[in-house]
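Please look through the model shown here with an eye to its helices, its aromatic rings and its backbone. The paragraphs after it lead from one region to the next.

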Amino acid sequence: MGRDLTALFDPRSVAVVGASDDPAKYGHAVASQALRADGRRPVHLVNRRGGTVLGRRAAPSLAAIGEPVELVVISVPGSGFEAAVEDALACGAKAIVGITAGFAEAGPEGAARQRAVVARVREAGAVLVGPNCLGIADNTTELYLASDGFTPGGTALLSQSGNLALELQLRGAPHGLGFSRFVSLGNQADVTLVDLVEDCARHEATTAIAVYAEDFGDGRAFARAAAAAGKPVVLLTAGRGSASARSARSHTGALTTSADVVAAACRDAGVELVRTPREMTVVLAAVSSRPGPRGGGRRTAVFTDGGGHGAIAADAAEDAGLQVPELAAATQDRLRTVLWRQSAVGNPVDLAGMGEQQPLSYADTIAELLAAEEVDAVLMTGYFGGYAASGGGLGGGQAGGSVLAEGETRAAEKIVTHLAESPKPLVVQSMYPRSPSCRVLAGAGIPVFAATEDAARALSAMTRRTAASAPELPALPALPPAAAPLRDPGYHVVRGLLGAAGVPFPSAREVTDEAGVRDAAGEFEGPYVLKALHLLHKSDAGGVALRLTDRDALLAAYRDMRARFGAGSYSVEAMADLSDGIELIVGVNRDPRFGPVAMVGLGGVLTETLRDVAFALAPVPARRAEELLRGLRSAALLAGVRGRPAVDVAAAAAAIERITTVAAAHPEIAELEVNPLLVRPDGALALDARAVLG
């Protein structure tokens with residue numbers, strides 16, 4: 001059930017330690033906000049000088065209050081924080097909000113102090129938000145313990161930035177967005193982002209969870225909590241583009257970045273990942289609108305009253321991951337019954353001026369598009385809203401303009417009626433988003449935007465929310481039990497580890513001299529492959545010889561390599577049949593926040609050049625692996641092109657599941673890679689493997 005945070009969000013009493021009359025001090029802002037709900041619960045102000053603060057008597061200490069206090073906010077200099085925590089626990093506090101800075105964010109000494117404070121708080125059975133935070137607020141319980149107030153609404157905002165929270169409030173106001181809760185995460189020394197997501201998931205008044213985080217702590221636990229929330233979770237994070245700490249010993253380490261890891265975790269957990277506060281506002285407006293659609297799919301009908309708007313919206317929709325297919329013949333026939341001859345009905349659907357003659361044609365067209373079986377969602381774009389905003393527009397007289405404005409408003413009301421009878425999402429882009437007719441739509445929970453790209457992004461979020469809730473999609477993968485640690489990352493040891501898990505390899509033998517080469521040639525038939533195992537990048541250095549037809553050719557290749565690279569370990573292997581095969585790469589990189597992250601894609605010597613790869617949290621179930629493969633840019637190669645047969649994608653997916661499961665079961669392995677994994681029409685075969693210990 002997660003941690004009990006009742007004392008944090010709905011305490012019986014509150015005290016603000018460090019309350020002040022000085023507007024330059026944070027204790028002044030928090031105390032001012034706290035007093036807004038003085039009638040809901042006792043609010044005590046504490047200032048070591050006593051006297052009055054904000055016109056109220058202030059206690060010189062918590063003990064001087066003379067009664068227990070359940071929630072204590074501490075805003076004092078860092079040197080006095082530990083003593084204030086002890087005083088809070090002594091007066092019965094079950095929750096503490098630490099605004100004071102100078103702890104883990106300040107270096108090792110501060111981190112040690114922070115650990116000691118957390119140990120003391122937990123020993124007392126209390127919880128701590130912060131330190132180094134900016135307070136909390138809960139509009140549903142009238143708890144106001146941050147420097148600013150937040151408009152009431154359904155979004156819980158969990159943020160490491162106070163200013164960002166204020167920007168989201170400003171941007172959300174035109175869309176009617178408000179907040180159920182606000183929590184400044186601070187250092188997450190005790191109460192973590194995961195704890196808060198789990199609690200907000202249980203909070204009935206919260207309908208969506210917005211997160212700005214630079215430090216996830218346990219990233220996989222965050223993903224798991226978000227996946228289980230049952231509510232939309234929208235994430236904005238910084239530093240996604242910087243490369244994670246990595247080893248250069250494998251392609252996997254070289255290609256995996258922080259951005260890839262976060263994106264993979266969000267996709268697997270059903271989290272909406274956004275890049276800017278504006279995009280976060282757009283997505284929140286979408287997921288906080290009318291109840292989520294019951295259907296699924298991303299086939300979008302673009303509906304406009306101007307060809308330019310329709311073309312731009314179609315491009316924006318596809319850029320957002322939506323599909324804009326041509327409408328079925330039957331749907332086009334039905335549209336022709338409500339539109340005039342010059343209207344386009346293929347998709348985009350264009351009124352071509354009919355809206356001025358018959359404003360209700362907007363609503364009639366929407367009704368037909370919502371009823372079409374091949375349409376999952378509708379994006380309306382263009383001038384709608386302009387007639388009501390400008391009294392008719394386009395040079396119409398006052399009387400004519402009034403008629404058009406009234407007609408447009410009636411059309412908006414009919415659109416709302418049609419949508420109430422349909423499970424499909426509708427998003428609107430308008431040149432006049434604040435017009436009366438557009439406000440009718442927005443009031444009914446239909447998202448309305450001024451920018452085409454915002455409308456497309458919002459619709460993408462609404463349809464992805466449907467897909468993420470579909471029961472047939474794979475769940476967030478659980479880590480397998482830890483296996484006995486791998487001590488030796490040698491090539492043949494790693495092959496043996498993967499082979500024991502069911503990953504097929506060609507016959508092979510490790511050799512160190514010519515006698516070993518001759519013995520290997522007698523164990524299995526050629527053609528042969530010879531690899532110099534003591535080289536870091538064998539292929540690049542010329543340490544791999546292929547298609548050695550017989551023992552003599554194998555011996556000649558060995559002598560040549562030994563002359564060039566010296567004594568060391570070599571591998572003699574049976575040469576696989578490369579005809580009709582596709583080379584893939586399968587790698588797992590252990591991220592410090594999210595744990596094992598898998599990478600699959602086009603492999604071989606051109607892996608880093610082509611960079612056609614996809615990521616997912618490991619282990620990767622076979623079904624999910626097949627989805628990743630079929631989503632590659634080069635996926636057409638797997639199905640067979642230019643007379644080549646299709647390869648066995650199911651066999652590749654099964655191998656990916658086994659490889660990623662092995663990696664996930666070995667936390668001591670920083671990177672595990674099979675490159676290439678050869679996939680042929682008759683199965684899959686691992687041709688090389690590498691492990692890097694952490």
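This is a predicted model: local features need pLDDT of at least 70, side-chain atom pairs count only at pLDDT 80 or more; totals for chains, interfaces and linings use all residues.

Residues are numbered from 1 along each chain as its sequence is written, and side-chain values use heavy atoms, with hydrogens and water left out.

Helices and strands are DSSP runs numbered from the N terminus, helices being H or I with at least four residues and strands being E with at least two. The buried residues of α2 are Gly27, His28, Ala29, Val30, Ala31, Gln33 and Ala34, and they pack against the strands β1 (14-17), β2 (43-46), β5 (71-74) and β9 (143-146), where contact means heavy atoms within 4.5 Å.

Helix α7 (residues 219-228) is also mostly covered, with seven of its ten residues buried, namely Gly219, Arg220, Ala221, Phe222, Ala223, Ala225 and Ala226. The cover over these buried residues of α7 includes α6, β12 (208-213), β13 (233-237), α9 (258-269), β25 (595-602) and β26 (613-617). The axes of α6 (residues 193-202) and α7 come within 9 Å and cross at roughly 5°, the axes being lines fitted to C-alpha atoms, for helices over the stretch in contact, with angles from 0 to 180 degrees between N-to-C directions. That crossing makes α6 roughly parallel to α7, since angles under 35 degrees count as roughly parallel, over 145 as roughly antiparallel, 65 to 115 as roughly perpendicular and the rest as oblique. In this contact, Leu193, Val194, Val197 and Glu198 of α6 meet Ala221, Phe222, Ala225 and Ala226 of α7. By class, the contact of α6 with α7 has seven nonpolar, no polar and one charged residues, where Ala, Val, Leu, Ile, Met, Phe, Trp, Tyr, Cys and Pro count as nonpolar, Asp, Glu, Lys and Arg as charged, and the others, Gly among them, as polar. An α-helix has 3.6 residues a turn, so residues three or four places apart point the same way.

Strand β26 holds alanine 616, which counts as buried at 1% relative accessibility. Leaving aside residues up to four places away in sequence, alanine 616 touches Ala264, Arg267, Asp268, Val597, Ala598 and Leu628. Alanine 616 and valine 588 are 28 residues apart in sequence and 9.4 Å apart in space, C-alpha to C-alpha.

How many aromatic pairs does the structure hold? There are eleven, a pair being rings of Phe, Tyr and Trp (its six-membered ring) with centres within 6.5 Å, and planes under 30 degrees apart counting as stacked, over 60 as edge-to-face and the rest as tilted. Tyrosine 383 and tyrosine 387 form an edge-to-face pair, at 4.9 Å centre to centre with 70° between the planes; tyrosine 383 is buried at 14% relative accessible area, and tyrosine 387 is buried at 4%. The rings of phenylalanine 524 and tyrosine 528 have centres 6.0 Å apart and planes at 55°, so that pair is tilted. Elsewhere, ring pairs link Phe150, Phe179 and Phe182 into a cluster.

Two rings also carry a charge over them, which requires NZ of Lys or CZ of Arg within 6 Å of the ring centre and within 35 degrees of the ring normal. The charged end of arginine 181 sits over the ring of phenylalanine 9, 3.7 Å from its centre, and lysine 538 lies over the face of tyrosine 491, at 5.8 Å from the ring centre.

Most residues other than glycine have a negative phi, and most peptide bonds are trans. The peptide bond from glycine 130 to proline 131 is cis, with omega near -5°, and proline 131 lies in the loop between β7 (127-129) and β8 (135-138). The bond from alanine 618 to proline 619 is likewise cis, with omega near 0°, in the loop between β26 and α23 (622-630), where proline 619 is found. Alanine 352 has a positive phi near 55° and is partly exposed, with a relative accessible area of 31%. Arginine 642, although not a glycine, has a positive phi of about 50°; arginine 642 belongs to the loop between α24 (635-639) and α25 (649-664) and counts as exposed at 86% relative accessibility.

Conventions
Buried means under 20% relative accessible area, exposed over 50%, partly exposed in between (1.4 Å probe, protein chains only).
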